Amino acid sequence: MHLTHLECPRCGSEHPADVLQNLCGCGSPLLARYDLAAVAATVAPEQFGLRPADLWRYRELLPVADSRFVTTLGEGWTPMWRAPAYGHEIGIADLIVKDEGLTPTGSFKARGASVGVSRARELGVKRIAMPTNGNAGAAWATYAARAGMGATIAMPLAAPTICREECLAAGADLRLIDGLINDAGRDIAELIAGSDGGIFDAGTLREPYRLEGKKTMGYEIVEQLGWQVPDVIVYPTGGGVGLIGIHKALHELRELGWVEDRLPRLVAVQSTGCAPIVRAFAAGEERVTPWEDAHTVAFGITVPAPLGDELILSALRDSAGTAIAVDDAEILTDLRDFAAREGLLLCPEGAACLTAARHLRAGGWIRPGERVVVLNTGAGLKYPGLVQGGAPS
């Protein structure tokens, strides 16, 4: 392992990586840092192709020192599907969908759970707790069970039913909350405050290693394109860990010398029913104002005030990217249209990225001939009832 320390992106302070850490004293999430020169001297890009097809192929760039603590269900190395029919329709000839719906637990959250649980296990954690919009809780409960750890998950009542069932199947202590994810967060904060240190806070960006699992999407996109970067990466943004992680991965790859200096433009996609990042980006602000009365069919991105707002906005500006909000009715239309043309049922968050790409191409922000990668962050089958009409009674 080449992990050296944890760094605060806000105040610059360094923290040891060999003890449990949550937020920096200034309130910012912490980022894992590696001895990248040592990594470059240890492994070359062509060697990854000789390794198993999962995210642990990038072990030199992950935070687990002892392989005995690796908790895995084969997550990662998801396919990149070309979408020529739909791409032609919206004017993006080189449109590619990275399909995270094929991961264990049916969403990209398995990446963060695998690495986060593995590192927590290595550092002696016995029980984790976290708020969730559904998929993350299902993933962390599943991986905690595999690691022999306990899990307490707080989830809004409106979250997808299957995620609730996944948590219960994994033996988690499930707490259903009449509210949104920020309300679930308050419930978990109260629980942890009264636990005398026996429960570790694994909430979004409240520990540094979920991000390390999510960043492997960035590594895979580049490796699967023959160590080339696309022009644009479109990502559905709630808590934004995946977008922050992809941005981190791209910078690590550039510092390693494995990709060219030009990096992709990142796009944060939100719903018009919950768009705090879009609003802050348009106003040139560094922090978001909490979104009132948040609601969207793309439930996974219903995050009124993401903890990682500074990091999301910084990644967008650093990459010359943008943020865009799309309407729920268009999300559902594009979900159905894409399935009919390409044979792949996306989750609503993934479909939101198609809507965004369509609008950005129509407005000229995505230029002719550009290669665009869209993230489908979960299996459409986890959202029954979104495709309606036309079936015989």
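**Ring pairs, an open sheet and helix packing**

In this predicted model, the count of aromatic pairs comes to seven. Take Phe-48 and Trp-227: their ring centres sit 6.1 Å apart with the planes at 35 degrees, so this pair lands in the tilted class. Phe-48 belongs to the loop between helix H1 (36–42) and E4, while Trp-227 belongs to the loop between H8 and strand E10 (232–236), so the pair ties together parts that are 179 residues apart in sequence. Both Phe-48 and Trp-227 are buried.

Next up are Phe-108 and Tyr-235, with ring centres 6.2 Å apart; their planes meet at 75 degrees, so the pair counts as edge-to-face. Here, too, distant parts of the chain are linked: Phe-108 comes from the loop between E5 and helix H3 (109–122) and Tyr-235 from strand E10, 127 residues apart. Phe-108 is buried, at a relative accessible area of 7%, and Tyr-235 is buried as well, at 3% relative accessibility. As for clusters, ring pairs join Phe-48, Tyr-58, Tyr-219, Trp-227 and Trp-258 into one.

One of the cluster's members, Tyr-219, is also among the buried residues of H8. Eight of the nine residues of this helix (216–224) are buried, so H8 is largely enclosed by the rest of the structure. The buried set runs Thr-216, Met-217, Gly-218, Tyr-219, Glu-220, Ile-221, Val-222 and Glu-223. After H8 comes Gly-226, which has a positive phi, near 75 degrees.

Now for the sheet. It is open and has six strands, ordered E4-E5-E13-E10-E11-E12, with mixed pairing. Strands E4 (80–82) and E12 (322–326) take the edges with a single partner strand each, so one side of each has no neighbour in the sheet. From one strand to the next, the twist averages 25 degrees. At the E4 end, E4 pairs with strand E5 (residues 94–99) in the antiparallel sense, over three bridges. Arg-82 stands opposite Ile-96 of E5.

Finally, there is a helix pair to look at. Helices H12 (residues 328–342) and H13 (residues 348–362) pack at an angle of about 95 degrees, and their axes are 8 Å apart. That angle makes H12 roughly perpendicular to H13. On the H12 side, Glu-330, Ile-331, Asp-334, Leu-335 and Phe-338 make the contact, and on the H13 side Pro-348, Ala-351, Ala-352, Leu-354, Thr-355, Arg-358 and His-359 do. Sorted by class, the contact between H12 and H13 holds seven nonpolar, two polar and three charged residues.

Conventions. Residues are numbered from 1 along each chain as its sequence is written. This is a predicted model: local features need pLDDT of at least 70, side-chain atom pairs count only at pLDDT 80 or more; totals for chains, interfaces and linings use all residues. Side-chain values use heavy atoms; hydrogens and water are left out. Two strands pair if DSSP finds at least two bridges between them. Helices (H or I, at least four residues) and strands (E, at least two) are DSSP runs, numbered from the N terminus. Axes are lines fitted to C-alpha atoms, for helices over the stretch in contact, and angles run from 0 to 180 degrees between N-to-C directions. Buried means under 20% relative accessible area, exposed over 50%, partly exposed in between (1.4 Å probe, protein chains only). Angles under 35 degrees count as roughly parallel, over 145 as roughly antiparallel, 65 to 115 as roughly perpendicular and the rest as oblique. Contact means heavy atoms within 4.5 Å. Ala, Val, Leu, Ile, Met, Phe, Trp, Tyr, Cys and Pro count as nonpolar, Asp, Glu, Lys and Arg as charged, and the others, Gly among them, as polar. Rings of Phe, Tyr and Trp (its six-membered ring) pair if their centres lie within 6.5 Å; planes under 30 degrees apart count as stacked, over 60 as edge-to-face and the rest as tilted.
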